[in-house]
Amino acid sequence: MSKSAGNSVFVKDLLKDFSPEALRLLLLNRHYRKPLDFSPEKLSSAQTALVRLHRRLHRLGLKAGGEDFKPTEGVRRPSPSAEVFRGRFLDFLAQDINTAAACAFLFDTVKKMESEDASNRKFDPVFFVSSDIRALFGEVFKAGAVLGIINPCPVAFLSKWAPH
């Protein structure tokens, strides 16, 4: 892409149709030393992935504590699963800033959290109010904030960016 060739794209123009989180995800899903292979389709795929992620987070949040659930509040002590998640997430970043692996790990963790719930068929509120799951949920949000790809309020993200 170059301005002289007439095929340049400006961030301000992209942000009219895509969330800032989608642009960040697109940039983070490749190694920083490799050239960016940009296309509107790849940005659209990043947006779709983020909508799915925020929908999952919203569903899990509703089950964990209702509409007003704040995942990073109310956890007083670390839990084993949250500690493991944080350690692995930071390991990916320590490995030559492997943001692509860190993003994949975050997405995979949320998917596994939701499938754990689905495999129980009947929701067990004790499981989700336990400090372990609350702490893990909080760590997922903190990791998403570090990467800049998770909105602290999934409903706000979905109301603006999810297709109706």
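**View 1. Four phenylalanines, Phe-85, Phe-89, Phe-92 and Phe-105, are joined into a cluster by ring pairs.** Everything here comes from a predicted model, where local features need pLDDT of at least 70 and side-chain atom pairs count only at pLDDT 80 or more, while totals for chains, interfaces and linings use all residues. Residues are numbered from 1 along each chain as its sequence is written, and side-chain values use heavy atoms, with hydrogens and water left out. Rings of Phe, Tyr and Trp (its six-membered ring) count as a pair if their centres lie within 6.5 Å; planes under 30 degrees apart are stacked, over 60 edge-to-face, and the rest tilted. That rule gives 4 aromatic pairs. Phe-85 and Phe-89 make a stacked one, with 6.1 Å between centres and 15 degrees between planes. They sit 4 residues apart in helix α4, about one helical turn. Helices are DSSP runs (H or I, at least four residues), just as strands are (E, at least two), numbered from the N terminus.

**View 2. Phe-137 and Phe-141 pair up in helix α7.** What kind of pair do the rings of Phe-137 and Phe-141 form? Their centres are 5.3 Å apart and their planes stand at 65 degrees, so the pair is edge-to-face. Phe-137 and Phe-141 are both buried; buried means under 20% relative accessible area, exposed over 50%, and partly exposed in between (1.4 Å probe, protein chains only).

**View 3. Glu-83, Arg-86, Glu-139 and Lys-142 are linked in a salt-bridge network.** A salt bridge here is a side-chain nitrogen of Lys or Arg within 4 Å of a carboxyl oxygen of Asp or Glu, and the whole structure has 9 of them. Glu-139 and Arg-86 meet at 2.8 Å, N to O. This pair ties together distant parts of the chain, with Glu-139 in α7 (residues 131-147) and Arg-86 in α4 (residues 80-94), 53 residues apart. Glu-139 is buried at 8% relative accessible area, while Arg-86 is partly exposed at 29%. Glu-139 also bridges to Lys-142, with the closest N and O atoms 3.6 Å apart.

**View 4. The largest nonpolar core has 40 residues.** Such a core is a set of buried Ala, Val, Leu, Ile, Met, Phe, Trp, Tyr and Cys residues joined through side-chain atoms within 4.5 Å. Leu-43, Leu-57 and Phe-89 are among the residues with the most contacts inside this core. Helix α3 gives the most to the core, 8 residues. Setting aside neighbours within four places in sequence, Phe-89 is in contact (heavy atoms within 4.5 Å) with Ala-102, Phe-105, Ala-143, Val-146 and Leu-147.

**View 5. Helix α8 has buried residues: Pro-154, Phe-157, Leu-158 and Trp-161.** They span an arc of only 95 degrees around the axis, which puts them on the same side of α8; the arc is that of the directions from the helix axis to the C-beta atoms. On the other side of α8, Ser-159 and Lys-160 are exposed.

**View 6. Confidence is lowest in helix α6 (residues 125-129), at a mean of 44.** The score, pLDDT, is the predictor's confidence in each residue, from 0 to 100. Across the chain it averages 83, and 76% of the residues score at least 70. Helix α2 has the highest confidence, at 95. Over residues 121-129 the pLDDT is below 50, and this stretch has 13 contacts in the model beyond near neighbours in sequence.
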